[in-house]
Amino acid sequence: MMQCLLVDDEPLALQLMEDNLKDVSYIKIIGKCRTAADALTIMQHEQVDLLFCDIHMPGLNGLQLVKSLISKPLVVFVTAYEKFAINGFELEVLDYLVKPVPQERLLKACQKAYQFFELKNTTAVIPPSLSKAYFFVSSDYMLVKVNFNDIQYIQGLKDYVKIVLNNNQKPILSRTSLKAIEKQLPPSLFYRIHKSYLINVDYISHIRRGKVVGVNVELPLSDNYRLTINKMIGRELE
């Protein structure tokens, strides 16, 4: 089931959207909001997989709401204004619906969302062949190829991981666990140094008490993983 949040400043529009979605078997509506601020509050405490959001609202508008999110759910804008379509797709939203929304068009957006939802949950990490030097992760509604040698380190962020790459490439955010990612990586190249960090040994500059220093970054070294580091360097840490 996709957990769905509805945001619109018009009460009738909210009720209509809820009525049109109530019979969609794979959608569970967990909340209705009339302001973007209320939506942010819910998203801080609840898992939201799908967001149906109006754009033109008092205070923080729908575009600003989506821009403010670090980890976006699947987003469908529902608005009376076609002029915002380009802005919406620049934010990589899933779909853009213009009011009044025909029921068949709404269902098409729901089906599209569910396909991406299943993709994210069943192929967050595609196991690589041992002979390959890359793997794929799900990010921003697509599968992204990641070369092992490009990864500096990976940080676990609750329900997501952030993959930090070399050469100032944009980090990749993927909805999976650090444990799941670790299983896909060659153990001779990647080492767990903390419950929230994996690092590529090729990018380690030096190690000192409590720290592993990489490229322009210092990562914490947990006592629980010192034995792992000892194996990597072949001697005891000072």
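Modeller: Happy to! The side chain of His 194 reaches the backbone nitrogen of Ser 196 at 3.0 Å, a polar contact (N or O atoms within 3.5 Å; within protein, one able to donate a hydrogen and the other to accept it, with residues adjacent in sequence counted only if both atoms are side-chain atoms). Bear in mind that this is a predicted model, where local features need pLDDT of at least 70 and side-chain atom pairs count only at pLDDT 80 or more, while totals for chains, interfaces and linings use all residues. Residues are numbered from 1 along each chain as its sequence is written, and side-chain values use heavy atoms, without hydrogens or water.

His 194 lies in strand β12, residues 190-194 (strands are DSSP runs of E, at least two residues, numbered from the N terminus). Its relative accessibility is 19%, so His 194 counts as buried (under 20% relative accessible area, 1.4 Å probe, protein chains only). Leaving aside residues up to four places away in sequence, His 194 touches Pro 220, Ser 222 and Tyr 225, with heavy atoms within 4.5 Å.

Now to strand β9, residues 151-157: five of its seven residues are buried, so the rest of the structure largely encloses this strand. Strands pair if DSSP finds at least two bridges between them. Six bridges join β9 to antiparallel β10, residues 160-165, where Ile 163 is the bridge partner of Ile 154. Two residues separate these strands in their hairpin, and Lys 158 there takes a positive phi near 60°. Three bridges join β9 to β13, residues 197-200, again antiparallel, and Tyr 153 has Ile 199 as its bridge partner in β13.

Methods
Helices (H or I, at least four residues) and strands (E, at least two) are DSSP runs, numbered from the N terminus. Buried means under 20% relative accessible area, exposed over 50%, partly exposed in between (1.4 Å probe, protein chains only).
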